[in-house]
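Hi there,

Here is the structure I promised to pass on to you. Have a look at it first, and then read my notes below.

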Amino acid sequence: MVVGWIIAGYFGCGFLLHLLLWLCAWLQSLCCPRRWPDVAVQNKRKSEGGEQAIVGAGHECYEYDTPGWPPYALFKVVFAICTGLLPFRLISFAMMKSLLATRFAKVTADRHRPPLHRSPSTRTRRPRFTHVLVFCLTILTVWSGCYCKPFSCPHRICNAGFALLSRLLCNLSAVYTVQVFHKERLDWIGRPGKHPVLVPNHISMLEAFYLEYLTWGMSGCVAKSQFAIPGVRSATQFSNAVAVDTKDKDVKQKVNEGILKFVHNEPDEKGRYPCGRAFVIYPEGITNSQRGLFRFNTGAFATGMAVQPVVQRFPYKYMNPAWVSDSRISRGNDLPWMMLRYMSQFHVPMQVKICEIWEPIEAERNDAVLYASNVQNFMALQLGIAVTNTGNKILRQKGGPFDLKSSQVQPGEETPSRFTQPLLDSSPEI
């Protein structure tokens, strides 16, 4: 009984501290908002003589600048553990993430729930019943959403449930406040008519969670090989995603057709519009270090239709929230220690800027590589970082900067000049 009260008080302290930090971050955002002015460019297309962003050597997009555990980081971890903040965040995050992941998993009974301090019958029934009930309601939401019209009220309610869960995951990772600039430029979401494809830069899982909340439900491409996982097929139908069969020789053409169907969003014979979500493609295909952009893949630009750049960043001083693996030029910020660093922060500020819809010119419609390069350059200008010709295949490149096993070196032992253009595959990726 006493132990139970002590544990409850410990987690209660963590919960109250979490709320206090949330309140402080909210007040700070009201009293001292961070600024992020637009970078004015007369011509946003570098191919037509527009301003050129900083051209990096190639390593900027994966070179991490705040690795390891300095004294201040250790202090925050110890403080978060002693106050109950870290256990509260981790357990709550795991619970919310499991609810969100029921799009891709089946319901299973939990046989290891802790006993309660009540009657024997309650000890064995209530935890198991509550667990199954919550997961069944989540799966029922996905399943019912598959049969709702895209613009109907029930479908919007299903979207809202997962969007709020995504926002809560950000909150539990200390992303208490997010500044969104030019949110009105997303007014087309959920409305009939043509839609652009959203092309954001990619830093970590956190901004992806928030974009799910900001767009009130995203759609994208899902590999058919994932259909073997229970719930993925229904999730694909629910989110109106494009199923991708990598074994199909015409996969590129079929993906383009799926994207075009979303972009045109033409009504059916009953006057109903099939696409109400925001279709999102991360053109880098990998998370960057906030110091440079990877070379953009051409998948989002191959159709020659309009896109809408979304630039995102995490202002930081002591901890860069970017998700970067260890390489031979720097230690990274990877799982599982990355989550420990997230959960021990007092506040992780985030900024999102919605750019204007990019209508391609004739040259860009005919050349997807040119189109992707122009958009990459423009987004780098807005972020104030470098553009690189480094593709995401470098992560699996034998002898490359992430190949630590064959090189038999420790992370951060070699210089950035060793890993520039000669090691990179310069062919554009789809």
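This is a predicted model: local features need pLDDT of at least 70, side-chain atom pairs count only at pLDDT 80 or more; totals for chains, interfaces and linings use all residues.

Residues are numbered from 1 along each chain as its sequence is written, and side-chain values use heavy atoms, with hydrogens and water left out.

Let's begin with helix α6, which covers residues 205-214. Helices (H or I, at least four residues) and strands (E, at least two) are DSSP runs, numbered from the N terminus. Nine of the ten residues in α6 are buried, where buried means under 20% relative accessible area with a 1.4 Å probe, protein chains only. Among them are M205, F209, Y210 and L214. At the start of the helix, a side-chain oxygen of S204 comes within 3.1 Å of the backbone nitrogen of L206. After α6 comes W216, which has a positive phi, near 60 degrees.

Now for the rings. Rings of Phe, Tyr and Trp (its six-membered ring) pair if their centres lie within 6.5 Å; planes under 30 degrees apart count as stacked, over 60 as edge-to-face and the rest as tilted. How many aromatic pairs does this rule give? The count is 15. In one of these pairs, W36 and F181 have ring centres 6.1 Å apart and planes at 90 degrees, so the pair is edge-to-face. W36 is in the loop between α1 (2-31) and α2 (71-82), while F181 is in strand β1 (residues 178-181), so this pair ties together parts that are 145 residues apart in sequence. F296 and F301 make a stacked pair, with 6.3 Å from centre to centre and 15 degrees between the planes. Both F296 and F301 are buried. Ring pairs also link Y72, F75, F79, Y318 and F346 into a cluster.

Charges can sit over rings too: the rule asks for NZ of Lys or CZ of Arg within 6 Å of the ring centre and within 35 degrees of the ring normal. K44 lies over the face of W358, 4.4 Å from the ring centre, and R341 lies over the face of W69, at 5.7 Å.

Last, where is Q345? You will find Q345 in the loop between α9 (337-343) and β9 (350-354). Q345 is buried, with a relative accessible area of 8%. Leaving aside neighbours within four places in sequence, Q345 is in contact (heavy atoms within 4.5 Å) with K76, R89, A174 and M319.

Happy exploring!

Methods: Buried means under 20% relative accessible area, exposed over 50%, partly exposed in between (1.4 Å probe, protein chains only). A polar contact is a pair of N or O atoms within 3.5 Å; within protein, one must be able to donate a hydrogen and the other to accept it, and residues adjacent in sequence count only if both atoms are side-chain atoms.
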